[in-house]
Amino acid sequence: MKIFVNICAAIVLIVTIVAGKIYWNHQASAEASSTSTLSNSASKVSSKNWEDYAENLPGSVKEKLKKAEASGKPMKLLIVGSQSTSTDPKAWPEMLKQTLNHTYGSLVETSVLEYKDETTLDFVRNQDYKDIIKEKPDVLLFEPFLLNDNGVVGITNTLDNLNVIMSHITAADKNLVTILQPSQPIYNATNYPKEAEALGEYAKVNGYEYVNHWSAWPDYKSDKVLDYLVEKQRVPTAKGNKAWSSYLEKYFTAS
């Protein structure tokens, strides 16, 4: 009987050892598989470079990014506009800046110049274009006061003033890449949408990139757009800033 008990004990011990080995082998295999999956995932993330995010950008901007990568000096993006292009931390320029920092890291340096309630005529008379020249940007994202000019300056004079502004800026840096964009849409406007179209045509004729973020907003003929605007429609609300930034984020990062 004693021999039988010893044999049973030996069998139990062997089974326990074998079962334990099988369990630990399984755990090790699962851990290795998990590690491999994470490694592959990390590899896919790390293998995505800036060119994957820049596919929507014109070749001239891509060249600036290539130069930044090679030199170690960031591409300087300068955002300029009216009170709609606000330096407020909750406004769309700051949202865009954060996205660019997250996407491109040290390759892109973004700054903002806001000229509250100015028209293109004010900008020329005050020689505010000198501020842009001092910044020495590689890329200029410019909202040229289209809404502030509406009903005050007139689109013909707006474009003439823009010619003056750009002639000074490009004379200082012929390699500057300029991207023009309209101010925000406003509810049920008549002439203003035509002025935005004229700005787009101006950009095309003069070789500037034109980004029309209006497609990210509700139709300007719908009263829904009023939820996106405050202060007599001269400044975007949180919704308006989000719409504006989301369009530009897709443009700049192909997201």
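Me: Why is Ser82 called buried?
Reply: Its relative accessible area is 1%, and buried means under 20% (exposed is over 50%, partly exposed in between, using a 1.4 Å probe and protein chains only), so Ser82 counts as buried. Mind that this is a predicted model, where local features need pLDDT of at least 70 and side-chain atom pairs pLDDT 80 or more, while totals for chains, interfaces and linings use all residues. Residues are numbered from 1 along each chain as its sequence is written, and side-chain values use heavy atoms, leaving out hydrogens and water.

Me: Where does Ser82 sit, and what makes its link to Glu143 a polar contact?
Reply: Ser82 is in the loop between E1 and H4 (helices are DSSP runs of H or I, at least four residues, and strands are E runs of at least two, numbered from the N terminus). The side chains of Ser82 and Glu143 are joined at 2.9 Å. A polar contact needs N or O atoms within 3.5 Å, one able to donate a hydrogen and the other to accept it; residues adjacent in sequence count only if both atoms are side-chain atoms. So 2.9 Å is inside the limit.

Me: How do you know that E1 and E2 pair?
Reply: Two strands pair if DSSP finds at least two bridges between them. E1 (residues 75-81) and E2 (residues 108-114) have seven, in the parallel sense, with Gly81 opposite Glu114. E1 also runs parallel to E3 (residues 139-142), joined by four bridges, and there Ile79 stands opposite Leu141.

Me: What makes you say the length of H10 agrees with expectation?
Reply: The expected span is 1.5 Å times one less than the number of residues. H10 (residues 238-253) has 16 residues, so it should span 22 Å; its end C-alpha atoms are 21 Å apart, which agrees. Just after H10, Ala254 takes a positive phi of about 50°.

Me: Why is the Tyr53 and Tyr104 pair called edge-to-face?
Reply: Rings of Phe, Tyr and Trp (its six-membered ring) pair if their centres lie within 6.5 Å; planes under 30 degrees apart are stacked, over 60 edge-to-face, the rest tilted. By this rule there are twelve aromatic pairs. Tyr53 and Tyr104 lie 6.4 Å centre to centre with 75° between the planes, hence edge-to-face. Tyr53 is in H2 (residues 50-53) and Tyr104 in H4, so the pair ties together parts 51 residues apart in sequence.
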